[in-house]
Amino acid sequence: MDPQALKTVLDSGLLSFPLTDFDADGNFNPAPYRARLDWLKPYGASALFAAGGTGEFFSLTPAEHEEVIRVAVETCKDDVPIIAGTGYGTRLAIDLARQAEKAGAAGLLVLPHYLTEADQDGVRQHVTAICKSVGIGVIVYNRAGCRLGPDAIARLADDCPNFIGFKDGLGEIELMTAIYRKMGSRLAYLGGLPTAELYAEAYKAMGVPVYSSAVFNFIPRTAVEFYKAVAAGDSVTTGRILDEFILPYSKIRNRRAGYAVSIVKAGATLVGRSAGPVRTPLVDLTPDEVAELKVLIDKLGPQ
């Protein structure tokens, strides 16, 4: 897909990160992964991020990453564009980016690099190298060790025509406003904080109307209802869903580090779409927490 065409897609609607399916031994399980994508496609997400954060990119080997992206592209074909996660050090990120492009991914999401702290200029050079290694569109995820400011983002945009998207996972309003005011329509802007529904109305007011929904993995009807309500300024609907589900759900999510992924896998299991356990270093929810989550999901009704 042409990078500018992908930018138009990103601006057009709700996005999501499908879970990656593992079997009981923790191996990638392609058959239920295909079924998961087939189930989610008709709900109308404008693009899906394969091997993203919720898809446990950080736990995949390069060979598994390649298979996940290939299966996602084959399954979604022309129905939904697939954006592939990439990350780690520059050379490995380039390898993953190129194999995703070869598999037919429409674009890339550059996840934060690994452990070491890095100056903004170094991160900018890292992202620039990834952009120049492929022809497809690239989105930067500003989160954790990847903290790019407006000047670095502007230079990236000047140097890399295929840098077309900025996803914010920091939640720093001043920084997000400064980037948006400097870059304007040059980029597509995505909300990327965990449980993005909590911040969706505030981000829309800043000029960031699009976000990626993790709960779309198990309550897709409700996720789409919430997104449409945000777009329409329907605060009655958003308030109801926040009170009935999102806020109590977030209380469970916040109990342990890594639960932002674990709780989504638990939710998928509860609705009959199990993706298997999380891989270490993450841990699964306790049985009592799963029971709490089930009460919340059941109140929403059929999806």
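R70 and E74 sit four residues apart in helix α3 (residues 62–76), so about one helical turn separates them. Their side chains meet in a salt bridge, with 3.3 Å from N to O. Please keep in mind that this is a predicted model. A search of the whole structure finds 20 salt bridges, and the largest nonpolar core has 107 residues. The count of disulfides, on the other hand, comes to zero.

**Salt bridges**

- Side chains of opposite charge can pair when their charged atoms come close.
- R36 forms a salt bridge with D21, and the closest N and O atoms are 2.8 Å apart. That pair links distant parts of the chain, 15 residues apart: R36 belongs to helix α2 (residues 30–40), while D21 lies in the loop between β1 (15–16) and α2. Both R36 and D21 are buried.
- K182 and D151 give another salt bridge, at 3.5 Å from N to O. Here too distant parts of the chain are linked, with K182 in helix α7 (residues 173–183) and D151 in helix α6 (residues 150–159), 31 residues apart.

- P62 has its place in helix α3, and with 42% relative accessibility it counts as partly exposed.
- Setting aside neighbours within four places in sequence, P62 is in contact with L92, L96 and Q99.
- The C-alpha atoms of P62 and T86 are separated by 10.0 Å, and these two residues are 24 apart along the chain.

- Which residues of α6 are buried? They are A152, I153, A154, L156 and A157.
- The cover over the buried residues of α6 includes α5 (120–133), β6 and α7. Helix α7 also holds K182, the partner in the salt bridge to D151 of α6.
- Helix α9 (residues 220–232) has 13 residues, which should span 18 Å at 1.5 Å a residue; its end C-alpha atoms are 18 Å apart, so the model agrees with that expectation.
- Buried residues in α9 are P220, T222, A223, V224, F226, Y227, A229 and V230.
- What covers these buried residues of α9 includes α2, α8 (200–206), β8 (210–213), α10 (235–253) and α12 (287–300).
- After α9 comes G233, whose phi is positive, near 70°.

- In soluble globular proteins, nonpolar side chains tend to be buried together.
- Which residues have the most contacts inside the largest nonpolar core? They are L10, L108, F163, F245 and Y249.
- Apart from neighbours within four places in sequence, L10 is in contact with L15, I83, I139, I164, A188, L190 and V210.
- Two of those contacts, A188 and L190, point one way from strand β7 (residues 188–191), while Y189 and G191 point the other way. All four of these β7 residues are buried.
- In a regular strand the side chains alternate between the two faces of the sheet.
- Strand β6 (residues 163–168) pairs with β7 in the parallel sense, over four bridges. On the β7 side, G191 is the bridge partner of D168.

- C146 is buried, with a relative accessible area of 4%. C160 is buried as well, with a relative accessible area of 1%.

How values were computed:
Residues numbered from 1 in each chain as written. Predicted model: local features only at pLDDT ≥ 70, side-chain atom pairs only at ≥ 80, totals over all residues. Heavy atoms only, no water. Salt bridge = Lys/Arg side-chain N within 4 Å of Asp/Glu carboxyl O. Helix = DSSP H or I, 4+ residues; strand = E, 2+ residues; numbered from the N terminus. Buried < 20%, exposed > 50% of the residue type's maximum accessible area, 1.4 Å probe, protein only. Expected span 1.5 Å × (residues − 1). Contact = heavy atoms within 4.5 Å. Disulfide = S-S within 2.5 Å. Core = buried A, V, L, I, M, F, W, Y, C linked by side-chain atoms within 4.5 Å. Pairing = 2+ DSSP bridges.
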